[in-house]
Amino acid sequence: MSPLPLNGGTQSGEGADMEISHPASTHPLPPADGSRATSLQFPSGRLLHLGSALFVLFVALILFYGGARKPMATTVPFLLSTLVVAILWGRGPAITGAVAASAAFNFFFVPPWDAAFSIPTVEEAVLLAGMLAIAVAVGTSIERMRRVRAEADQYAASERLQKVLLSCISHDLKTPLTGVIGSLSTLLEERALGHEGRQELLTIAYREAKQLDRFVTQTLEMSRLEAEAFRVRKERLDVRAVIDRAADHLREVFEERPCRVELPPRLPAVDVDAILFPHALINIIDNAAKYSPPGTPIEITACAGLNDVVISVADRGIGIPVEHLRRVFEKFSRLRQPASAAGVVGGTGLGLAIAKGIAEAHGGAIWAERRDGGGTIVSISLPLGGDPE
């Protein structure tokens, strides 16, 4: 099969039998449970420091309007408030709370009681030193405990990941290796095999060897993405050219099913890595083929928004449950297929995870959504306006 023709607005591979409309002005936005980036949020560190100061001020106001006037009677509540902040939020916010408590103590509870600052006394210096000591000692201990707990959780997660990895390796390596070894051993031992029998065994060995090569390749790609051991070299490419490069690697997939490509006219070019980004589309299209019956169409569309270009791959497969729309982009995540005797579609479970890593490396996002009438739409958005590197 030759690469898909990409010269018109509505184009299709051989055998396509349906139309699909995807106007640029109405391209679907990611669902609420998708994975696109959200807007900037107020930094949590500053928020904790502000919260600790407000908490101490709230304690001071309660004591002041509650009639407390003696400095000694208010010392313990301020010490306790600093202790509470240190336990809840750690050392930094506790130090902020201690300073705020010292200022509030001077303002509200040091004579004259006219709600004004006065020259600090030795007792106030001792109180501030005590609160700072509590903030540093307790806050440091709490942060250390949290760090130890985080390391323990990370170690436990790493162990779980290793178990999943070993399980995947034991299955995904053993199955194709068994096919290769079985075919080759039969070829060596059975002298009476005819030409057709030998050809069939060689075909099986070749297919299983390709599956093994794909597993090893995807595992290495995932390792490189996680280690950030690659550099995205962007160049300005036409979206048609990007899709054509991906389609050229999937000749066998398109021999078994029709493929439709619809691109609007005057679609802006995108800044992508000419080798890396088509790999993301290859993984998405290959995943769509795995989870849809032979003969059902795969539809590729693209549209431009104000700030991005969205490329979507739609299939008529088994679909993804709503609760799994995010999880399909996790490593080794594979959906169960009722029609399969094993219950799981073959593969590494790394294809969409790699596509997610590539999309994010380009400053974009990826998400999946259920398709009306059955099937799944996986979309990648790429930002516009950047200069190619």
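E369 sits in strand β7. Helices (H or I, at least four residues) and strands (E, at least two) are DSSP runs, numbered from the N terminus. E369 is buried, at a relative accessible area of 14%. Buried means under 20% relative accessible area, exposed over 50%, and partly exposed in between (1.4 Å probe, protein chains only). The side chains of E369 and W367 are joined by a polar contact of 3.5 Å. A polar contact is a pair of N or O atoms within 3.5 Å; within protein, one must be able to donate a hydrogen and the other to accept it, and residues adjacent in sequence count only if both atoms are side-chain atoms.

This is a predicted model: local features need pLDDT of at least 70, side-chain atom pairs count only at pLDDT 80 or more, and totals for chains, interfaces and linings use all residues. Residues are numbered from 1 along each chain as its sequence is written, and side-chain values use heavy atoms, with hydrogens and water left out.

**The chain overall**

The protein chain has nine helices and eight strands. Of its 389 residues, 40% count as buried. Contact means heavy atoms within 4.5 Å. Among contacts in the chain with a separation of 6 or more, 74% come from residues 24 or more positions apart.

Strand β7 covers residues 365-370, and five of its six residues are buried. In strand β6 (residues 308-314), seven of seven residues are buried. D308, V310, S312 and A314 point one way from β6, while V309, I311 and V313 point the other way.

Two strands pair if DSSP finds at least two bridges between them.

| β5 (residues 298-304) and β6 | six bridges | I300 and V313 |

A hairpin of three residues links β5 to β6. The hairpin of β7 and β8 has five residues between the strands, and G373 there takes a positive phi near 90°.

**Nonpolar cores**

A nonpolar core is a set of buried Ala, Val, Leu, Ile, Met, Phe, Trp, Tyr and Cys residues joined through side-chain atoms within 4.5 Å. The largest one has 47 residues. V239, F277, I284, I300, I311, I366 and I380 have the most contacts inside it. Helix α8 (residues 276-290) gives the most to this core, with nine residues. A second, separate core has 16 residues, including V59, A60, V110 and M131.

I311 touches residues including V239, F277, I300, V378 and I380, leaving aside residues up to four places away in sequence.

**The aromatic pair**

The structure holds one aromatic pair. It is formed by F78 and F105, edge-to-face, at 6.1 Å centre to centre and 85° between the planes. Rings of Phe, Tyr and Trp (its six-membered ring) pair if their centres lie within 6.5 Å; planes under 30 degrees apart count as stacked, over 60 as edge-to-face and the rest as tilted. F78 lies in helix α2 (residues 71-89) and F105 in helix α3 (residues 91-109), so the pair ties together parts that are 27 residues apart in sequence. F78 is buried at 0% relative accessible area. F105 is buried at 6%.

**Cysteines**

A disulfide is a pair of cysteine sulfur atoms within 2.5 Å. By this rule there are zero disulfides. C259 is buried at 2% relative accessible area, and C303 is buried at 0%.
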